[in-house]
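Dear colleague,

I am passing on the structure that you asked to look at, with notes on its strands, its backbone and its surface. Please keep it open while you read.

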Amino acid sequence: MTPVTTIQHLSDHVGHDVELQGWVYNTRSSGKLGFLMIRDGTGIVQGVVSSQGVPAEVFAAFETLTQESAITVRGEVREDQRAPGGYEILVSDLEVHQIAEDYPISPKEHGTAFLMDHRHLWLRSRRQHAIMLIRHEVIRACRDFLDSNDFVLVDTPIITPNAVEGTTTLFELEYFGRSAYLTQSGQLYNEANAMALRKVYCFGPTFRAEKSKTRRHLTEFWMVEPEIAYCDLECNIGWAEELVAYIVRRILETRMEQLKVLERDVGRLEVIKTPFPRVSYTEAVDILHKAGVEFEWGGDFGGSDETVISEQYDQPLIVHRFPAAIKAFYMKRDPEDERLVLGVDILAPEGYGEIVGGGQREDDLQVLVQRLEEEDLPREVYEWYLDLRRFGTVPHSGFGMGIERVVAWITGVQHLRETIPYPRTLTRLEP
RNA sequence: UGGGCCGUAGCAUAACUGGCAAUGCACCCGGCUGUUAACCGGAAGACUGGUGGUUCGACUCCACCCGGCCCAGCCA
């Protein structure tokens with residue numbers, strides 16, 4: 001009985017017969033010598049089919065194979081310098097489960113619109129496979145880091161009755177005769193959960209109906225949001241930078257092969273270490289001025305501003321203490337400067353933009369009520385949230401980290417749409 | 001929602017100043033016992049996104065429509 005294995009474990013079987021279950025990635029042939037690239041979901045390996053070494057019907061079966069046909073092959077694992085990857089299978093038996101019809105994605109170049117229309121098939125390609133493995137590892141690293149530091153996963157609702165930040169566009173849905181919205185952040189619920197369980201996080205999909213058409217935006221994306229009771233801005237920054245550094249370290253430890261497939265310059269990742277450089281918003285404005293960028297204190301940074309600022313460093317950059325006017329109502333005022341709030345963003349290097357946003361929350365009932373009024377937000381729907389300031393209010397902080405932006409930065413891909421299996425954007429709902 | 005660009009064979013591109021729509025890949029047929037996105041030979045495949053206009057003649061110029069991409073705003 002030939003043991004079944006997977007391509008990622010082939011090196012354990014050199015010199016022995018194995019069985020692989022997979023799909024045809026590509027075929028080549030030199031007359032009576034056939035080369036068969038086999039893909040099995042864990043990797044790609046070359047199979048060699050010799051007309052002299054196999055029964056005639058096996059070689060005939062090889063000749064019928066098309067791209068993405070489903071097959072089982074058996075044969076001896078060999079180490080061979082001529083094989084891509086260094087290992088190959090000397091095929092002795094080939095079982096065809098299905099001959100695939102004309103596969104739309106050829107090994108040559110395609111446009112992104114075409115590939116996105118075939119996203120369900122594009123995921124089989126080497127590059128997308130590598131991105132998905134890294135995405136998985138980024139998510140696992142987030143969970144491992146938080147779990148091992150005594151954070152409790154407490155889920156927050158996807159369907160919500162009102163906006164977290166009134167101004168942002170929400171996806172509205174009909175909920176048994178009344179309006180409801182898809183969540184754009186679990187934060188307000190996180191704050192309640194932190195008062196119950198001290199250190200918590202939520203991890204789930206987030207929805208923004210913004211009409212943004214840039215490579216940095218999706219309408220549906222995944223976010224991990226930690227929230228910590230008895231934690232000020234400094235404490236919050238510490239958690240955020242340790243999380244980011246942990247993720248980078250983990251990917252370098254476990255996914256070097258995938259980073260190679262993506263031709264990522266890993267030197268840019270290997271230098272990442274805490275503490276990250278910090279600048280206040282006001283210092284960041286100075287950086288812009290010194291770089292010759294026209295920018296008025298009080299405004300929000302645009303994508304190109306962020307790039308100019310973060311390019312001064314080879315580390316993720318922590319920007320803190322923003323003007324209150326450009327941040328949400330729940331951000332705590334800076335006791336040392338009333339114009340500012342205790343917010344923090346982390347900008348990824350190499351122009352990948354904001355990967356983390358958060359801050360210390362306003363814990364004073366009167367100030368919070370006043371901020372709601374200033375923002376013209378309906379107080380009734382926030383009554384439960386205000387309860388958190390009536391019953392044992394304490395300093396607390398939290399942040400959200402966008403998974404796709406982190407994956408884009410680590411993998412070095414240009415567009416967020418390749419970092420999620422089925423991207424949802426302004427112009428794309430299928431497949 | 002503004003600004004810019006683009007729609008040509010299944011895919012990726014070309015066609016100069018308005019004059020017979022071309023090349024590569026994929027598919028099909030044939031050749032090749034070490035290929036590396038193999039290679040060599042052959043065949044097939046297009047009302048050039050839509051509607052109208054200018055012209056002897058439109059892939060090419062003009063108007064409108066449809067679809068997409070990039071940039072900006074907003075954000076993670």
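Is Asp150 buried, partly exposed or exposed? Asp150 counts as exposed because its relative accessibility is 59%, where buried means under 20% relative accessible area, exposed means over 50% and partly exposed lies in between, with a 1.4 Å probe and protein chains only.

Before the rest, a word on the source: this is a predicted model, in which local features need pLDDT of at least 70 and side-chain atom pairs count only at pLDDT 80 or more, while totals for chains, interfaces and linings use all residues. Residues are numbered from 1 along each chain as its sequence is written, chains are lettered from A and ligands numbered from 1 in the order in which they are written, and side-chain values use heavy atoms, with hydrogens and water left out.

Backbone. Asp150 sits in the loop between α4 (126-148) and β6 (helices, H or I of at least four residues, and strands, E of at least two, are DSSP runs numbered from the N terminus), and although Asp150 is not a glycine, its phi is positive, at about 70 degrees. Glu350, in the loop between β15 (337-348) and β16 (353-360), is likewise not a glycine and has a positive phi of about 65 degrees; with a relative accessible area of 28%, Glu350 is partly exposed. There is a cis peptide bond between Thr274 and Pro275, with omega about 0 degrees, and Pro275 belongs to the loop between α8 (267-270) and β12 (278-280). Another cis peptide bond, also with omega about 0 degrees, links Glu430 to Pro431, in the segment after α13 (403-411).

Strands. Strand β3 (residues 44-50) is largely enclosed by the rest of the structure, because five of its seven residues are buried. Strand β2 (residues 33-39) pairs with β3 in the antiparallel sense over seven bridges, pairing being called when DSSP finds at least two bridges between two strands, and here Phe35 is placed opposite Val48 in β3. Four residues lie between the strands of this hairpin, where Gly41 has a positive phi near 90 degrees. With strand β5 (residues 87-98), β3 pairs in the parallel sense over three bridges, and Val48 stands opposite Leu90 in β5.

Surface. Ile158 lies in the loop between β6 (152-153) and β7 (159-160) and is partly exposed, with 33% relative accessibility.

Best wishes
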